[in-house]
Amino acid sequence: MEAELEKLEANLGGVADMRRQPDAIFIVDLRKEQLAVREARRLGLPVIALVDTNCDPDEADYVIPGNDDAIRSCSLVIRAIADGIADGRQKVSQAEVAAPRNGGAEAAPEPEPEAEPEPEAAAEPPAEKEAE
């Protein structure tokens, strides 16, 4: 029983500490992680995946072509994605990261750009064209 509890803690321990739903998930092997893909679809999360020739790329929203069987290939792609996430986090404040993304009361509304009125000449075709 303790071995099963340790396995669950190792595989799912990070999920228990999450304060909010992730914005997306990254999967290295779509074939092995079918359950994760189904759960992401159920939650409406975009799936970013490293896709090999033995996988269906239609299961991922964002495909990264690569060899998901080679450790060096996986670590290269994962390191690049992790570095990109770290760089992105440095460019935003902690308040922006913690703010709800669904337009909650805490999030400041973004100003909408004002639409420019269309010129009247463009709205109506020239009289000469109508005669033809």
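**Terms first.** Buried means under 20% relative accessible area, exposed means over 50%, and partly exposed lies in between, using a 1.4 Å probe and protein chains only. This is a predicted model, in which local features need pLDDT of at least 70, side-chain atom pairs count only at pLDDT 80 or more, and totals for chains, interfaces and linings use all residues. Residues are numbered from 1 along each chain as its sequence is written, and side-chain values use heavy atoms, with hydrogens and water left out.

**View 1. The whole chain.** The chain has 6 helices and 3 strands. Helices (H or I, at least four residues) and strands (E, at least two) are DSSP runs, numbered from the N terminus. Along the sequence, the pattern reads α-β-α-β-β-α-α-α-α. Of the 132 residues, 14% count as buried. The chain exposes about 11,400 Å², and carbon and sulfur atoms supply 53% of that area. Accessible areas come from the Shrake-Rupley method with a 1.4 Å probe; for residues, only the protein chains shown count as cover. Contact means heavy atoms within 4.5 Å. Among contacts with a separation of 6 or more, 25% join residues 24 or more positions apart.

View 2. A salt bridge is a side-chain nitrogen of Lys or Arg within 4 Å of a carboxyl oxygen of Asp or Glu. Side chains of opposite charge can pair when their charged atoms come close. The whole structure holds 3 salt bridges. In one of them, Arg20 pairs with Asp23, and the closest N and O atoms are 3.4 Å apart. Arg20 is partly exposed, at 38% relative accessible area. Asp23 is partly exposed too, at 42%.

View 3. Glu39 pairs with Arg42 here, with the closest N and O atoms 2.6 Å apart. Both residues sit in helix H2 (residues 34-43). They are 3 residues apart, about one turn of the helix. Glu39 is partly exposed, with a relative accessible area of 34%. Arg42 is exposed, with 61%.

**View 4. A salt bridge between distant parts of the chain.** The side chains of Arg41 and Asp61 meet in a salt bridge, 2.9 Å from N to O. This pair links distant parts of the chain, 20 residues apart. Arg41 belongs to helix H2, while Asp61 lies in the loop between strand E2 (47-51) and strand E3 (62-65). Arg41 is partly exposed at 36% relative accessibility. Asp61 is partly exposed at 40%.

**View 5. The largest nonpolar core.** A nonpolar core is a set of buried Ala, Val, Leu, Ile, Met, Phe, Trp, Tyr and Cys residues joined through side-chain atoms within 4.5 Å. The largest one has 11 residues, including Ile25, Leu30, Val37, Val47 and Ala60. Strand E1 (25-27), H2 and E2 each supply at least two core residues. E2 gives the largest share, 3 residues. What does Ala60 contact, leaving aside neighbours within four places in sequence? Ala60 is in contact with Leu30, Arg41, Val47 and Ala49.

View 6. Tyr62 is found in strand E3. Is Tyr62 buried or exposed? Tyr62 counts as exposed, at 52% relative accessibility. Not counting residues up to four places away in sequence, Tyr62 touches Pro46, Val47, Ile48 and Ala49. Tyr62 and Pro46 are 16 residues apart in sequence, and their C-alpha atoms are 7.7 Å apart in space.

**View 7. Lys32 and Cys55.** Lys32 lies in the loop between E1 and H2. Lys32 is exposed, with a relative accessible area of 69%. Lys32 and Cys55 are 23 residues apart along the chain, and 9.8 Å separates their C-alpha atoms.

**View 8. A nonpolar surface patch.** Leu8, Leu12, Val15 and Met18 form this patch, with about 370 Å² of accessible area together. Patches are made of residues with over 30% relative accessible area and no salt bridge: like charges are joined within 9 Å, nonpolar side chains (Val, Leu, Ile, Met, Phe, Trp, Tyr) within 5 Å. Met18 is found in the loop between helix H1 (2-16) and E1. Met18 is partly exposed, at 39%.

View 9. pLDDT is the predictor's confidence in each residue, from 0 to 100. The chain's mean pLDDT is 78, and 73% of its residues reach 70 or more. Over residues 104-109, pLDDT stays under 50, and the model has 2 contacts beyond four places in sequence for them. Residues 115-127 also have pLDDT below 50, with 1 contact beyond near neighbours in sequence. Where pLDDT is low, the predicted coordinates should not be read in detail.
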